Amino acid sequence: MSAVDITFYINAAIAIYAGWRVFVTDSMVRASFFLLISFLAVGVIMLLLAAIYLGVALFFMMAVEMMVMALFMVMFMMNPAGLNPMKMVHQEKVAIGVGLVAFLALSAAALFGQYPVRPVPEGLEPVVSLGHELLGDSMLVFESAGVTLLATMIAVVMLTSHRGRYGEANHGSRPPGLEPGGDPADKPSESEEEGGHHHHHH
Amino acid sequence: MSLALLIVSVCSVLLALAVGVYCVAAFDHAVEARVSGARGGSALMAPLQQAALLWYAPENRTETSDIPAWRVAPVLYLMFAAMGLALVPWHSRFVPVDLSTGVVLWGAIEPLATVVIFLKGWAPNAPFPILGAYRYVSLGLSYILVSMFVLIGVALPAESLQFKAVVESQAELWNVIRQPLGLPLFLIVGLGVSFWGPLNFIDADDLNGGGAAEDSGRIRLLWAVGRAAMLVAFSAIGATAFLGGWQGPWLPGPVWLGLKTLALLLVLVVLGQYLPRPGPERFLTIAWVVLLPLSFLNLAWAGVEALL
């Protein structure tokens, strides 16, 4: 067994083990970072497959993605730092069924599929050829996707920004009351702060 | 790669790491003594004395903390610094990790460091560390973006993502002159990612020690070593990307690289003592409104220069 084979088996084992830990751990933050470990191991396998750029790109994309995911999950939970134990799975029976079917289907495709044999030509530079593909024949698709994503990001920032172009973004909105029909939970009476604007009466 | 080359590579990276970390601590002590006029022992012995103090200090525990994460985070941070250092070419024929996408891997180390810094602050299950951790995540994105655009600017004239090619592209003119905005921006990012000096918003005094508020003993020592190592990695990558790496007259390549790295290290330590400290919110505004547009300008400049 060569060093490449050993590296592959170690990383495959890490990817599977960390992927399994995602579902049995009891914290959102741990689950996100186990998923990150799983992806990093897959990234190393991609490096072994000579996808030098895509493997390394997976490292930083997944690092940022899992960081943001952990942060947002903790922010939207009633669990301040995400350290209180909580169950990480829902609808277990359906999920197990779907997981088994997906695993069997992918394994069957891997084992019984007919794959073309196209050895990589000698002296192929994967990074250069990827660059030519992305900014050559596929440039229109690539650039359209890029500009669309950028426009989405700018639009989301504009929509969620507290300070809008025409005043406060949440102008006129009212958080729910502590009891039905009661005063908003987090907002002091506006007459005390500014005077003049009466959106509600006591 | 033969076994001998592998061993030499590992040893050279570890040696550079050890010498670099020691130099950071000694420089910092010397600069601080010079600024404050304090006579606090010799700068050469101080790093070892401080390390011994932390080594023998007892460890701290908090309620329902994630102890494995707390312990593994400083190790991983140190490991990422070592990975960055391994990408640096010592000579045209000796690069510990000669990856054809080395610049991108360095770009991946910064987000991975963000994850580890967050994990370190999250693990103790205590208020000040988690505040420091959140603070770094919100600042980290601006560091990553600035660093990425600066490094793309360096890769453009080299027409390659390999650090060796980046060094070779500076044979006639160093990038520090070709792209004058690049090195200052990269050094600011370096101070930010190793949260050093004025940009230490994470383990900051305004958070009662922040991310390191609950650290004691060897974890604190390891964390300090990791931050110094990250500063060393930034200096070495900066010397490679902007100061011509191993290139220079008379002396052999690795000596030139070492001298340039130490010079940048000294600049970073001095900046850490002399730059004013902005508040974290203000620095976030500065990062997005000043530093990021400057990095765009740098990239546009590099693009125009590459076309001409």
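Predicted model: local features only at pLDDT ≥ 70, side-chain atom pairs only at ≥ 80, totals over all residues.

Author: The expected span of a helix is 1.5 Å times one less than its number of residues. Helix 9 of chain B has 26 residues. From first C-alpha to last, helix 9 of chain B reaches 38 Å, close to the expected 38 Å.

Next comes burial. Helix 9 of chain B is mostly covered, with 23 of its 26 residues buried. One residue in this helix is B:R220. B:R220 has 21 other C-beta atoms within 10 Å, and the cut-off for buried is 20 or more, so B:R220 is buried. What does B:R220 touch, not counting residues up to four places away in sequence? The partners are B:L54, B:A212 and B:D215. For a sense of distance, take B:L294. B:R220 and B:L294 are 74 residues apart in sequence. In space, their C-alpha atoms are 35 Å apart.

Now the packing. Two packed helices are described by the angle between their axes and the distance between the axes. Helix 1 of chain B covers residues 3–36. The axes of helix 1 and helix 9 of chain B come within 9 Å. They cross at roughly 105 degrees. Angles of 65 to 115 degrees count as roughly perpendicular, so helix 1 of chain B is roughly perpendicular to helix 9 of chain B.

Which residues meet there? Helix 1 of chain B brings B:L17, B:G20, B:V21, B:V24 and B:A25. Helix 9 of chain B answers with B:V225, B:A228, B:A229, B:L231 and B:V232. By class, this contact has nine nonpolar residues, one polar and no charged. An α-helix has 3.6 residues a turn, so residues three or four places apart point the same way.

Look at the ends of the helix. Just after helix 9 of chain B, B:G244 takes a positive phi of about 80 degrees. Most residues other than glycine have a negative phi. B:N208 is not glycine, yet its phi is positive, near 60 degrees. B:N208 has 14 C-beta neighbours inside 10 Å and counts as partly exposed.

Chain B has another such case. B:N125 is not a glycine and has a positive phi of about 60 degrees. B:N125 is in the loop between helix 4 (102–122) and helix 5 (127–158) of chain B. With 19 other C-beta atoms within 10 Å, B:N125 is partly exposed.

For contrast, turn to chain A. Helix 6 of chain A spans residues 139–160 and has 22 residues. Its reach is 31 Å, close to the 32 Å expected. Helix 6 of chain A is hardly covered: the count of buried residues is zero. Chain A is assigned domain 1 (1–102) and domain 2 (126–168). The C-alpha centres of these domains of chain A lie 26 Å apart.

Last, the contact between the chains. Chain A gives 17 residues and chain B gives 20 residues. Helix 2 (28–48) and helix 3 (52–75) of chain A each supply at least two residues of the side of chain A that touches chain B. Helix 3 of chain A gives the most, with 11 residues. By class, that side of chain A has 17 nonpolar, no polar and no charged residues.

Notes:
Residues numbered from 1 in each chain as written. Chains lettered and ligands numbered in written order. Contact = placed C-beta atoms within 7 Å. Helix = DSSP H or I, 4+ residues; strand = E, 2+ residues; numbered from the N terminus. Nonpolar A, V, L, I, M, F, W, Y, C, P; charged D, E, K, R; others polar. Domains from an automatic or database assignment. Buried ≥ 20, exposed ≤ 12 C-beta atoms within 10 Å, placed from the backbone. Axes fitted to C-alpha atoms, helices over the stretch in contact; angles between N-to-C directions. Parallel < 35°, antiparallel > 145°, perpendicular 65-115°, else oblique.
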